[in-house]
Amino acid sequence: MASEKRRKHSPFSLSENQGTLHKNLEFTAVEQYKLLRTNLDFTLPVGEKCPIIGVTSSMRGEGKSTTAVNLSYVLAEKGSRVLLIDGDLRIPSIAKKMQIASTPGLTDFLMGKGANFASFQSELLKNWFILPSGNIPPNPSELLGSKRMEAVLAELREAFDYIVIDLPPVNIVSDALSISSLITGMIVVIREEYTEKKELERCFRQLRLSNVNILGCVMNESQIGGGSYGKYKKYKYYKYYRYYQSDPKKEEDK
């Protein structure tokens with residue numbers, strides 16, 4: 001029954017996901033995601049079974065979730081068995097972007113409930129699976145860095161060739177740093193004319209202090225001919241920070 005419910009809200013309604021799904025993007029954007037896939041071959045450890053790739057940013061609104069979706073898609077497109085996980089257990093967005101139910105999801109695995117992987121299989125690519133966040137927990141950071149998370153990832157590694165995890169921004173909460181020891185490396189998404197240089201420097205400083213293997217950066221919404229860092233939207237940044245420091249369930253109800 002749960003599987004049927006998910007099918008009714010297919011994540012691959014092309015008319016609804018023109019701004020997200022790789023298949024509907026402009027040619028230039030499509031090629032850049034393919035280039036990102038190729039570049040990973042040079043940065044990921046040689047011979048590692050099922051690399052786990054975290055995708056984060058310094059602040060909200062830089063396009064990390066969209067990048068995670070499309071990176072996982074192009075990896076699956078070449079024939080690999082790929083799992084996309086929504087690891088933002090505070091403000092999850094993958095389920096909404098892809099028009100699927102948010103539960104069951106990652107938190108169900110962490111609570112030992114398990115799930116039928118057939119219900120997470122995409123209709124567009126049979127080797128592409130999407131695991132939403134599940135119910136929002138009271139302790140996201142502790143869960144992501146827990147022994148249980150380590151065990152879940154070890155189990156998932158046996159079933160996939162790549163795992164891509166969408167993680168919260170580094171400068172706002174410690175979640176992405178909590179899971180750093182369990183992943184192969186991190187991709188940092190930067191939005192041109194939006195990300196402030198000092199915030200980016202702070203992001204990389206925290207990643208280095210946590211010994212995170214930085215696989216590279218993705219410049220999002222880059223204009224031809226280059227550009228410079230603009231002022232970030234202070235109000236939006238503050239609002240997101242406040243959201244993370246409050247009760248997620250109450251804020252979601254609002």
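This is a predicted model: local features need pLDDT of at least 70, side-chain atom pairs count only at pLDDT 80 or more; totals for chains, interfaces and linings use all residues.

Tutor: Residues are numbered from 1 along each chain as its sequence is written, and side-chain values use heavy atoms, with hydrogens and water left out.

Student: What makes up the secondary structure of the protein chain?

Tutor: The protein chain has eleven helices and six strands. Helices (H or I, at least four residues) and strands (E, at least two) are DSSP runs, numbered from the N terminus.

Student: Why is H2 called roughly perpendicular to H3?

Tutor: Helix H2 (residues 27-43) and helix H3 (residues 64-77) pack at an angle of about 70°, and their axes are 9 Å apart. Axes are lines fitted to C-alpha atoms, for helices over the stretch in contact, and angles run from 0 to 180 degrees between N-to-C directions. Angles under 35 degrees count as roughly parallel, over 145 as roughly antiparallel, 65 to 115 as roughly perpendicular and the rest as oblique. Therefore H2 is roughly perpendicular to H3.

Student: Which residues in H2 meet residues in H3?

Tutor: From H2 come Tyr33, Lys34, Leu36, Arg37 and Leu40, and from H3 come Thr66, Thr67, Asn70, Leu71, Val74, Leu75 and Glu77. Contact means heavy atoms within 4.5 Å.

Student: How many residues of each class are in the contact of H2 with H3?

Tutor: The contact of H2 with H3 has six nonpolar, three polar and three charged residues. Ala, Val, Leu, Ile, Met, Phe, Trp, Tyr, Cys and Pro count as nonpolar, Asp, Glu, Lys and Arg as charged, and the others, Gly among them, as polar.

Student: Is cysteine 50 buried or exposed?

Tutor: Buried means under 20% relative accessible area, exposed over 50%, partly exposed in between (1.4 Å probe, protein chains only). Cysteine 50 has 3%, so cysteine 50 is buried. Cysteine 50 lies in the loop between H2 and strand S1 (52-57), and has a positive phi of about 50° although it is not a glycine.

Student: Why does asparagine 211 count as exposed?

Tutor: Asparagine 211 counts as exposed because its relative accessibility is 69%. Asparagine 211 also has a positive phi, about 55°, although it is not a glycine. Its place is the loop between helix H9 (197-209) and strand S6 (214-220).

Student: Where is proline 104?

Tutor: Proline 104 is in the loop between helix H4 (94-97) and helix H5 (106-110). The peptide bond from threonine 103 to proline 104 is cis, with omega near -5°.
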